[in-house]
Amino acid sequence: MTTATTRPHPTPRKSRGRSRVNWTLMMLLALAISGYFVGQYMTGSLQTLGHEKVGLANTYAHRPLPVQAAFYVHITTAGLALAVGPFQFVTAIRRRRPGLHRRLGRTYVVSIALGSAAAFVMAFFSSAAVVGFFGFGSLAVLWGWTTFRGYRAARQRDFPSHRAWMIRSYALTYAAPTLRLWLGILIGVQILAGRGADGQTMYETAYAAVPFLCWLPNIVVAEFMIRRRHLPGLRLSSG
Ligand code: HEM
């Protein structure tokens, strides 16, 4: 599917500074989302949190035990992958502490193996119904697949492909922050449009769009980043 061609390009100082700022913002948002959204489910049982209308607790509070287990597996492993991911893109860590990069990388891959399988189960019970099933379900499959390709490329020591697949993988992991950003934007647009709907209706309208909106733009951005870094692009043939 990919070929391994890289052309090293010296990066101008200004663009390095910009990349650092972007990376810092990306890392802070990732840590904030994994800390806050995962943490809120650790403060009580799903039943208690459901009564208090915390997040999606109510959607899962009355599901069978295996689905509730999938919920907890998903939020903890996905939260871990989101928090670990940014550090894998730090060149200094990769060069000076390759052992640390490998350990964090294994943590990331195992987290996503578990997190994507659990997410796939949850997609059947999504509060966004059929759109949730197809949007989150296809995201779960692509998330596992891109991560597997990144892992396999590293094992084969094809590092340009490894970088490209891991950029795709993390762009999908980043669906968690982008979902919450889109929710805010879509609710804001409804308020500005003055549709006069109540908070719950505005939330539900916004939520119906996010199962696809949270990740489709991310993969477009990922392909631009891969191209800019002269890493292998997606090919239709496996040659
Ligand atoms: C990228 C692949 C991911 C997929 C396919 C996925 C899938 C899902 C699904 C299906 C739900 C239930 C949604 C519903 O019932 O409507 C959910 C909820 C949740 N996910 Fe993920 N997820 C992903 C990534 C992440 C990441 C990286 C995090 C890290 C913070 C995360 C944290 C959560 C949390 C905290 C919830 C509970 C809902 C909330 O409080 O907003 N997910 N996810």
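Mentor: One definition before the rest: Ala, Val, Leu, Ile, Met, Phe, Trp, Tyr, Cys and Pro count as nonpolar, Asp, Glu, Lys and Arg as charged, and the others, Gly among them, as polar. Also keep in mind that this is a predicted model.

Trainee: OK. How do the residues of the shell around the ligand divide into those classes?
Mentor: The shell has 19 nonpolar residues, 9 polar ones and no charged ones.

Trainee: And which residues come nearest to the ligand?
Mentor: Gly-55, Ala-78, Ala-119, Phe-136 and Ala-176 come nearest, out of 28 residues around the ligand. Two or more shell residues come from each of these elements: helix H1 (13–39), H4, helix H6 (98–123), helix H7 (129–155), H8 and helix H9 (175–192).

Trainee: Which one gives the largest share of the shell?
Mentor: H4 does, with 6 residues.

Trainee: Let's stay with H4, then. How do the axes of H4 and H8 cross?
Mentor: In general, two packed helices are described by the angle between their axes and the distance between the axes. Here helix H4 covers residues 65–88 and helix H8 covers residues 159–173; their axes come within 10 Å and cross at roughly 145°. The crossing is left-handed.

Trainee: Which residues make that contact?
Mentor: On H4 they are Ala-81, Leu-82, Gly-85 and Gln-88, and on H8 they are Met-166, Tyr-170 and Thr-173. By class, 4 of the contact residues are nonpolar, 3 are polar and none is charged.

Trainee: Zooming out, how many helices and strands are in the chain?
Mentor: The chain has 11 helices and 0 strands.

Trainee: What share of the residues count as buried?
Mentor: 31% of the 239 residues do.

Trainee: Last one. I clicked on Val-130. Buried or exposed?
Mentor: Exposed, because Val-130 has 9 C-beta neighbours inside 10 Å, and a residue counts as exposed at 12 or fewer. Val-130 sits in helix H7.

Trainee: How far apart are Val-130 and Pro-211?
Mentor: In sequence they are 81 residues apart, and in space 9.9 Å, C-alpha to C-alpha.

Note on methods. Residues numbered from 1 in each chain as written. Predicted model: local features only at pLDDT ≥ 70, side-chain atom pairs only at ≥ 80, totals over all residues. Axes fitted to C-alpha atoms, helices over the stretch in contact; angles between N-to-C directions. Helix = DSSP H or I, 4+ residues; strand = E, 2+ residues; numbered from the N terminus. Left-handed = near helix turned anticlockwise from the far one by under 90°. Contact = placed C-beta atoms within 7 Å. Near = placed C-beta within 6 Å. Buried ≥ 20, exposed ≤ 12 C-beta atoms within 10 Å, placed from the backbone.
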